[in-house]
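The following exercises concern the structure shown below. Each sets a task and then works through a solution step by step.

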Amino acid sequence: MPTLTMLNATLDVDAEGFLQKPEQWNEEIAAEIARANGIPALTEGHWKVIRFMRNRFLQAGSAPSVRTLGKESGVDTKELYRLFPNGPAKLAAKIGGIPKPRGCI
Amino acid sequence: MTMTAIAPETAFAVEPEPKPITKVSIIISKGTLEGIYPGLIMANGARMEGIEANVFFTFFGMDAVMKGKQDKIKVATVGNPALGLPTLLGALPGMSALVTRQMQKKMEALDIPPIGEFVQMISDSGGKLYACKASVEMFGLSKEDFVEAVQDVITVGEFYELAAGGQIVFT
């Protein structure tokens, strides 16, 4: 498994940089991943989505769809894409330290 | 014949990485449930990857974005051999509605939205939706017959202009 060294921690990642072990994550790492992916500063809106994404993954074992994100995270679809223009589900998962979502919706 | 030595840089030339897709323009031309969903799923999937998406509704595919028709779209139970239902049974009254309900239940379980919600979701995600001018004229319709998510009624030529520099997918 490839690893990535960030803030003195060694993280297990996939080829695209998604963390494979959510327990290796913390908020400083999140901010660092966000910066590397074109989001210089995480706002409260970003955090809402990232936390929802991560918590849902930890509870259910799979990441929620964009539909569920738009309905239940407290951030609507328009705002989701404004916050994460390159794909809300994918990017929120990456920053939230969970594996890449594999859903089609 | 003389042998020509191949320069090492040619022999080991690496294929350039394919350029990622940055834009797709999807045409939805059929008015059945199974004719509409694939195009919507591809458009939404494009936006999920940060890919620009246009959707052009033409002929009966326009039902997907017409007021009062969006929630009445059915699975074709006649002339659809993959369904495994003999055509004569498929023609029975209520059969199409029944099969449609079963499919909708399965889709809801997979978090696939009903057509009206899906169309709005694609629009909210930044996807652009258009109706085909030739079809609109043929069916005697106007912009007002379409849901708000539809940006405009455009010609084929305008569609090609919008699609410039991207991929076109016909469904």
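## Exercise 1: A helix at the chain contact

Task: In this predicted model, determine which elements the buried residues of α5(B) pack against.

Solution. The buried residues of α5(B) pack against α3 (66–72) and α4 (77–83) of chain A, together with α2, β2 and β3 of chain B. The next step is to identify these residues. Helix α5 of chain B covers residues 115–124, and B:Ile115, B:Phe118, B:Val119, B:Met121, B:Ile122 and B:Ser123 are buried in it. Finally, examine what comes after the helix: α5(B) is followed by B:Gly126, whose phi is positive, near 100°.

## Exercise 2: The contact between the chains

Task: State how many residues each chain gives to the contact, and describe the side of chain A that touches chain B.

Solution. Begin with the count: 15 residues come from chain A and 13 residues from chain B. Next, assign the chain A side to its elements. Each of α3, α4 and α5 of chain A supplies at least two residues of the side that touches chain B. The largest share, 4 residues, comes from α3(A).

## Exercise 3: Two helices of chain A

Task: Find the crossing angle of α2 and α5 in chain A and characterise the residues of their contact.

Solution. The axes of helix α2 (residues 44–60) and helix α5 (residues 88–95) of chain A come within 9 Å and cross at roughly 80°. Angles from 65 to 115 degrees count as roughly perpendicular, so α2(A) is roughly perpendicular to α5(A). From α2(A), the residues A:Val49, A:Ile50 and A:Met53 meet A:Pro88, A:Ala92, A:Ala93 and A:Ile95 in α5(A). The residues of this contact divide into 7 nonpolar, no polar and no charged.

## Exercise 4: The hairpin of chain A

Task: Describe how β1 and β2 of chain A are joined.

Solution. Strand β1 (residues 3–6) and strand β2 (residues 9–12) of chain A pair in the antiparallel sense over 4 bridges. A:Thr3 stands opposite A:Asp12 in β2(A). The two strands form a hairpin with 2 residues between them, and A:Leu7 in the turn has a positive phi of about 50°.

## Exercise 5: The overall form of each chain

Task: Using the radius of gyration, decide whether chain A and chain B are compact or spread out.

Solution. Chain A has 5 helices and 2 strands, which run β-β-α-α-α-α-α from the N terminus on. Its radius of gyration is 13 Å, close to the 13 Å that the globule rule gives for 105 residues, so chain A is as compact as a globular protein of that length. Buried residues make up 36% of the 105 residues in chain A.

Chain B has 7 helices and 5 strands, in the pattern α-β-α-β-α-α-α-β-α-β-α-β. The radius of gyration of chain B is 21 Å, well over the 16 Å given by the globule rule for 171 residues, so chain B is more spread out than a compact globule. The C-alpha trace of chain B spans about 75 × 40 × 35 Å along its principal axes. In chain B, buried residues make up 27% of the 171 residues.

Technical notes: Residues are numbered from 1 along each chain as its sequence is written. Chains are lettered from A and ligands numbered from 1 in the order in which they are written. This is a predicted model: local features need pLDDT of at least 70, side-chain atom pairs count only at pLDDT 80 or more; totals for chains, interfaces and linings use all residues. The radius of gyration is taken over C-alpha atoms; the globule rule is 2.2 Å times the number of residues to the power 0.38. A residue is buried if 20 or more other C-beta atoms lie within 10 Å of its own, exposed if 12 or fewer, and partly exposed in between; C-beta atoms are placed from the backbone. Axes are lines fitted to C-alpha atoms, for helices over the stretch in contact, and angles run from 0 to 180 degrees between N-to-C directions. Angles under 35 degrees count as roughly parallel, over 145 as roughly antiparallel, 65 to 115 as roughly perpendicular and the rest as oblique. Two residues are in contact if their C-beta atoms, placed from the backbone, lie within 7 Å. Ala, Val, Leu, Ile, Met, Phe, Trp, Tyr, Cys and Pro count as nonpolar, Asp, Glu, Lys and Arg as charged, and the others, Gly among them, as polar. Two strands pair if DSSP finds at least two bridges between them.
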